[in-house]
Amino acid sequence: MDDEQITEGGGREFWRVLEELRARLGNGVYPLGSSLPAQRALADELGVSRDTVQRALRALQSEGWIESRQGSGSRVVKSPIHLGKPQQEAPRVRAALGTFIARAFAQPVVQLDVFTLTSESLDAHIRLQAERIRLGEVTPERIELRMLLPATSLELPYPRAKHPASEGAEEPEGASEAEAGQLDQLNERLQERLHAITRRHAISLRSALRDLKTEGLVPSVRVEVRHMQLTPAFKLYLRPGAEALFGPYEVVERSILMDDETEIDAIDVLGLGSTLTRHVNDEGDPNSSGSVFVESMRAWFDSCWNLLARPA
């Protein structure tokens, strides 16, 4: 059952390649303005067919990260905000999720509280840390993850299909019933796609962590997922009592590539490009801005977890 859900929406290898390329964009392996390796080279390196690479590149292009032209290959046209420019050091308050997760897994007890839309970015970083554990680079004794996700019954305001004749409005005045019905069908498809992505990555990271216990690498692993009727306008990653990453989702207009190769022009949010700010708890000063933020976000998360959310 879990494997079926993991592979829905394009195949396991497609999603593996897509997540690997996204991670490389996020880590600066392919910086702004650079060209990606040729499709055949990527296919050989990643051990997949060229068709799988082509599908992953089309998905990245629809998300606005790369530009592909026949005979010219693919070029990075947008980089995650938190990377900044190579010649300009980003402010210290800005942070990348990868280093945050790495700090968490360097502790004997890994504690993470997460509020997010799909857990797509988190899944990639969790799997990276799982491999570090297998290599003996980090040796946590206990892992505890609590994750809040939007309920699958919740009708989210995004992604939302754009009306082909609209200038920023979802549905122009006087639109026919047929046009309205078509928009409803497109929105339903987009919502189903989003919820499928959420399910897939929640299953994936849960499996990645539980496998560590099954393999005898981490003595205690506890992963809990709860859903609530709340649309995430931001993402929150907490190491209770230690630090927090907070960032609003970036609202964009983009073309979304569906599993049947059709594209839908939509209003959507992107997590990869959002700015994450780091807030650190100052044990010597509970009234510092960092301490107040970390503790207030922990109280907010706990109240949602206990009062609003339902176990998955």
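# Exercises on strands, helices and rings

Three bridges join strand β3 (residues 109-115) to β7, and the two strands run antiparallel. The model is predicted.

**Exercise 1.** Find which residue of β7 is the bridge partner of Val114, and which strand is joined to β7 by six bridges.

*Solution.* Step one: the partner of Val114 in β7 is Tyr237. Step two: strand β8 (residues 243-248) is joined to β7 by six bridges, and these strands run antiparallel. Step three: Leu236 stands opposite Phe246 in β8. Step four: the hairpin of β7 and β8 has three residues between the strands, and Gly241 there takes a positive phi near 80°.

**Exercise 2.** Decide whether strand β7 (residues 234-239) is largely enclosed or open, counting its buried residues.

*Solution.* A residue is buried when its relative accessible area is under 20%. First, sort the side chains: Phe234, Leu236 and Leu238 point one way from β7, while Lys235, Tyr237 and Arg239 point the other way. Next, check burial: all of these are buried. The count is therefore six of the six residues, so β7 is largely enclosed by the rest of the structure.

**Exercise 3.** State which elements the buried residues of α8 pack against.

*Solution.* Begin with the residues: the buried ones in α8 include Phe293, Met297, Phe301 and Trp305. Then list the elements: the buried residues of α8 pack against β3, β4 (142-150), β6 (220-228), β7, β8 and β11 (277-280).

**Exercise 4.** Classify the aromatic pair of Phe234 and Trp300, and the pair of Phe301 and Trp305.

*Solution.* The whole structure holds seven aromatic pairs. Phe234 and Trp300 lie 5.7 Å apart centre to centre with 55° between the planes, and the pair is tilted. Phe234 belongs to strand β7 and Trp300 to helix α8, so this pair ties together parts 66 residues apart in sequence. Trp300 is partly exposed, at 24% relative accessible area.

Phe301 and Trp305 are 5.9 Å apart centre to centre with 15° between the planes, so by the limit of under 30 degrees they count as stacked. Both lie in α8, four residues apart, about one turn of the helix. Phe301 is buried with a relative accessible area of 0%, and Trp305 is buried with 3%. The charged end of Arg146 sits over the ring of Trp305, 5.1 Å from its centre.

Finally, Phe234 and Trp300 belong to one aromatic cluster with Phe115, Phe246 and Phe293.

**Exercise 5.** Give the strand order of the open sheet that has three strands, and name its edge strands.

*Solution.* The order is β5-β10-β9, with antiparallel pairing. The edge strands are β5 (160-161) and β9 (250-257), since each pairs on one side only. Eight bridges pair β9 with strand β10 (residues 263-270). Ile256 stands opposite Ile264 in β10.

Definitions and conventions:
Residues are numbered from 1 along each chain as its sequence is written. This is a predicted model: local features need pLDDT of at least 70, side-chain atom pairs count only at pLDDT 80 or more; totals for chains, interfaces and linings use all residues. Side-chain values use heavy atoms; hydrogens and water are left out. Two strands pair if DSSP finds at least two bridges between them. Buried means under 20% relative accessible area, exposed over 50%, partly exposed in between (1.4 Å probe, protein chains only). Contact means heavy atoms within 4.5 Å. Rings of Phe, Tyr and Trp (its six-membered ring) pair if their centres lie within 6.5 Å; planes under 30 degrees apart count as stacked, over 60 as edge-to-face and the rest as tilted. A charge sits over a ring if NZ of Lys or CZ of Arg is within 6 Å of the ring centre and within 35 degrees of the ring normal.
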